[in-house]
Amino acid sequence: MKICVAALCDFAQVRESLLTVASAGITRVWRPQYPAPMGLMLALVIEVAPAEAALPREIRIRVEDSDGKRLAESSGGFQVDVPPEGNDPGEVLMLPFAIDFRGVELPAAGRYQVIVDLMTEDIEESALAFRAGFPSEAARQ
C-alpha cells in the first residue's frame, strides 16, 4: 500500500472510482484577513495490492500549524472486499479520496501542513505544506 497522489486543490470529487481534481498543487493561499477559511481540499489516491485489499485499513488526515497544533482531523476506515471485475490477476487497486478542508479556520498567516497517515508501521506519514498570507504578498511571489 502506498500513496500515489496527494495534492492540495481547489476542488476534488470521486465518482465511479474516478478522482476529478481542479487546480491541484496549491502551496499558497491568500486571504484578506485572519482568521480565514482554509478553502482547500485534499485529492488522494492510495494504491493497494490485491493481497492487501481484504485487510481493513485506517487513515487519518490532519491539518496542523507550524507548531504542530492540530486545527482539524479526519479519519476513517476502508477495505476492498473483492477486486473489481475486469482487473487482471495481481493488478493493483487505486482507491481515490476527496477530503474537504475548505471550512477549516486558519487562525493567522503562516505555515501549515496537511498530514496523511495510513496508520501502518512500514509507511511514513506524508506532509503537504502550504503558506497562508495576505494578497499584498502575492505580488512579491
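1. Glu125 is partly exposed, at 41% relative accessibility (buried means under 20% relative accessible area, exposed over 50%, partly exposed in between, with a 1.4 Å probe and protein chains only). Its salt-bridge partner is Arg62, with the closest N and O atoms 3.1 Å apart; the term asks for a side-chain nitrogen of Lys or Arg within 4 Å of a carboxyl oxygen of Asp or Glu. Arg62 lies in strand β6 and Glu125 in the loop between β10 (110-117) and β11 (126-133), so the pair ties together parts that are 63 residues apart in sequence. Arg62 itself is buried, at 9%.

2. A word on the basis: this is a predicted model, where local features need pLDDT of at least 70 and side-chain atom pairs count only at pLDDT 80 or more, while totals for chains, interfaces and linings use all residues. Residues are numbered from 1 along each chain as its sequence is written, and side-chain values use heavy atoms, leaving out hydrogens and water.

3. Please look at β6 (residues 57-65) and β7 (residues 70-78), which pair in the antiparallel sense over eight bridges. Strands here are DSSP runs of E, at least two residues, numbered from the N terminus, and pairing takes at least two DSSP bridges. Four residues separate the two strands in this hairpin, and Gly68 in the turn has a positive phi of about 85 degrees.

4. Arg57 stands opposite Phe78 in β7. Arg57 is also buried, at 17%, and forms a salt bridge with Glu52 at 3.5 Å between the closest N and O atoms.

5. How many salt bridges are there by this rule? The count is seven.
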